[in-house]
Amino acid sequence: MGKARKPVQIVILFLILLLGGYAIGTSVFGGDGKPQEGSKAPSYELLGLDGLTHTLDEYKGQPVVLNFWGSWCGPCVKEMPALQAQYEKWKEQGVVVVGVNVGEDRLTVENFVKQVDIHFPVVMDTGRDAVRSYGVSPLPTTFFINAKGRVDSIHIGQLELDTLDVQIGKLVDP
Amino acid sequence: MTPREPLVSNTKCDCGHQNPVGTVLCEACGKPQDEKELGAEGNLEMRYDGVARRSQRIRQGVIDRIWNFFSSVKIAVYLIVITLLGSMLGTIFPQESTFLNIDASTYYKEMYGTAGNIYYRLGLSHTYESWWFITLLVMIGASLVICSLDRVLPLYKALTRQKVRKHRQFLTRQKVVLVSPLEADPEAWVAALSEPLKKRGYRVKTEGSALLAEKHRFSRWGPYVIHIGLIIFLLAVLARGLPGLNMDQHLAFPQGEAARIPETTYYLKNEQFTVEFYSDEEMPEEFRGKKVLPKLYETQAVLYECTADCTDPAREPVLAEVARHDIRVNSPLSYKGLKAYQFDYDLTPVLRSVQPELVNSLTGEAYGKFKLDMRNPERTFQTGPYTLSLKEKYMDFGLNEEGRPVSKSPYPNAPAFLFLITGPGLPGEGQQYFYFPKQVDKEQFQQQAINERLGGSGRFLELEVQDMSDVDFAASTSYLNIRIDRAMPFVWTGAGIVMLGLVLGFYWQHRRIWLRVEDRELVLGGHTNKNWFGFRREIAAVLNKVDLIVDEKSLDNGGGLA
């Protein structure tokens, strides 16, 4: 009878450790599901200006700069030339810049893209699904996602040309 | 026994039974195993029937130490007390989770001053999600499991392998004892006593002149059933953190639109929101004219489930109605674990579409209406001989620092549209026309002046809304609290099992009677876990049936229990 005692103890302690570790782990490492630096970038499925559905998986193996913006937000408008310039510069090295418009309709987005003269792909998050899964609250917010699909850094607020260059450089050559 | 294990040989009882280390009373005959205890007087320690707990053995290794730590009831009590004290900390100020939209880093300082700031900095604003609180709960859970296992298995073994003939001292040191001369034939007398005992629900085992009668043993499992229930309860609460098992969000539903509930395949449409207030006549005297008291909040809601094209943003989802309910306070819409509660409302109308008519302001001629949606409008409209193409759209019209028109927010607070109109009597490249659907914006932003600047003074076309029936707006917005809690059935199951365990343990008592007749003497001992008074009375009544008259009070062998 006593022979199974030790293995039973070990199994039970192991299960407690596993479940307890999970419970404590989620409370320590922010179980709110929002991506943080180093965590995996959530996928999205959004309609692009080209009329097709786009996902993050399309750019597997490539560094992605994911910029959330709205036409009504001043800093978003101001940072667009910097994004466009860096898009041009890093395009050759496989860096993708994706603009995610938050909650506006097609006409507004099209006019905006024309007006600020940007050429990188733009998707429309009309239902604010990506906003939710990325936990974006103020605009603009930019996620720098490395080639492994992990969030390298998060920039809240207006991007500047030089810092943007440094941050993309880090993505390409970590 | 091998000589390498000298400790083991020490635990062998006189009756020949080999007991584990830590045994208080011999598992077989019930003789006290400790020499000091054997010579002592008074009642025996009957907890767990005197068997050794699993963890009571010679100290070994780390695993045994951890096991022993959690198997201690003393530690469990400390853990529970610490958890209670910790919970109290969480009630000093409101928890972060009770607010919808606050910046916790400044809220506590502004609201409660320095104390609030310290409270926030210590992380007490989310006490129940903090690592130390969860750790305490996990430790209580571990203690529950290990305490139970450590006791229930040996106890089960002890109770299923009970010997009928017990050591004399085991009998005379119970709390219910009778020693009485008996002239009758021992075996016949014992057999005769079995009948009235069986009638009272006892299971009777005899072994020559010795007898063991027992009933309601199952009530001994009550505490362990409670523990199983508590463990299920704790696991269910823990499982709420898993994705998809728990959702709690507050969403806005403008009247007349089916809005998607994020993270689900459901859409909910607020067909009509009603808010009613008590009239002055209905209110008590002291409230009249001073207070506005709501009488009814009601959202006539329809729940749809998406059946196809749900995730593809390029297509319109296909919706099928699955539930319909008039949501009121405390009367949520409920469908397959999803619940929608009335939470808040906003009576500001939100413009959805207008149907303006193009008219010639000189001749008064009207060219027909077209529908202009605020969101995703069509790009070109044909009215009579004129083509209007939509060039720009501003949801919340304003001017930026450089004086250029911009939208100040994505909400249709002050919508404005810029059209290019082409047709007879207009310049070849067309004429630009700014249109503000809301009258208040028309005046504030001077639609007339803008258009005259754009199209010159020879303008003759105007967009006009003729009738309020051409204006479509959401009269109000209802805010609903959408909740899904799939762990709740498990929480209830756990709670139900706890209740069952309580009933088992509280409403029945495990009663046992041992007796032996030897040398014309009856020695009887009895044990129960509560209601000793009833137990003694039962024994007296049973003995009475075989013509042995004893006073029930004389059975009391001390021990301080009634």
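Trainee: Which residue stands opposite R203(B) in β3(B)?

Mentor: R203(B) faces E214(B) there. This is a predicted model, in which local features need pLDDT of at least 70 and side-chain atom pairs count only at pLDDT 80 or more, while totals for chains, interfaces and linings use all residues. Residues are numbered from 1 along each chain as its sequence is written, chains are lettered from A and ligands numbered from 1 in the order written, and side-chain values use heavy atoms, leaving out hydrogens and water.

Trainee: How many bridges join β2(B) to β3(B)?

Mentor: Five, and β2(B) and β3(B), residues 210-215, run antiparallel. Strands (E, at least two residues) and helices (H or I, at least four) are DSSP runs numbered from the N terminus, and two strands pair if DSSP finds at least two bridges between them.

Trainee: What is the strand order of that sheet?

Mentor: The open sheet of five strands in chain B reads β1-β25-β24-β3-β2, with antiparallel pairing. β1(B), residues 176-181, and β2(B), residues 203-207, are at the edges with a single partner strand each, so one side of each has no neighbour in the sheet. From one strand to the next the twist averages 10°.

Trainee: Which helices pack on the sheet?

Mentor: Helix α8(B), residues 186-199, touches β2, β3, β24 and β25 of chain B, and its direction makes about 165° with that of β24(B). Helix α13(B), residues 532-545, touches β1, β3, β24 and β25 of chain B, at about 40° to β24(B). Contact means heavy atoms within 4.5 Å; axes are lines fitted to C-alpha atoms, for helices over the stretch in contact, and angles between N-to-C directions run from 0 to 180 degrees.

Trainee: Changing topic: how much area do chain B and chain A bury?

Mentor: About 3,500 Å², 57% of it on carbon and sulfur atoms; buried area is the accessible area (1.4 Å probe) that two parts lose on being put together, summed over both. The contact takes 46 residues from chain B and 36 residues from chain A.

Trainee: How many salt bridges are there between the two chains?

Mentor: Three, a salt bridge being a side-chain nitrogen of Lys or Arg within 4 Å of a carboxyl oxygen of Asp or Glu. One joins K393(B) to D105(A), with N to O at 2.3 Å.

Trainee: Which elements of chain B each supply at least two residues to the side that touches chain A?

Mentor: They are α3, α6, α9, β4 and β16 of chain B. The largest share, nine residues, comes from α6(B).
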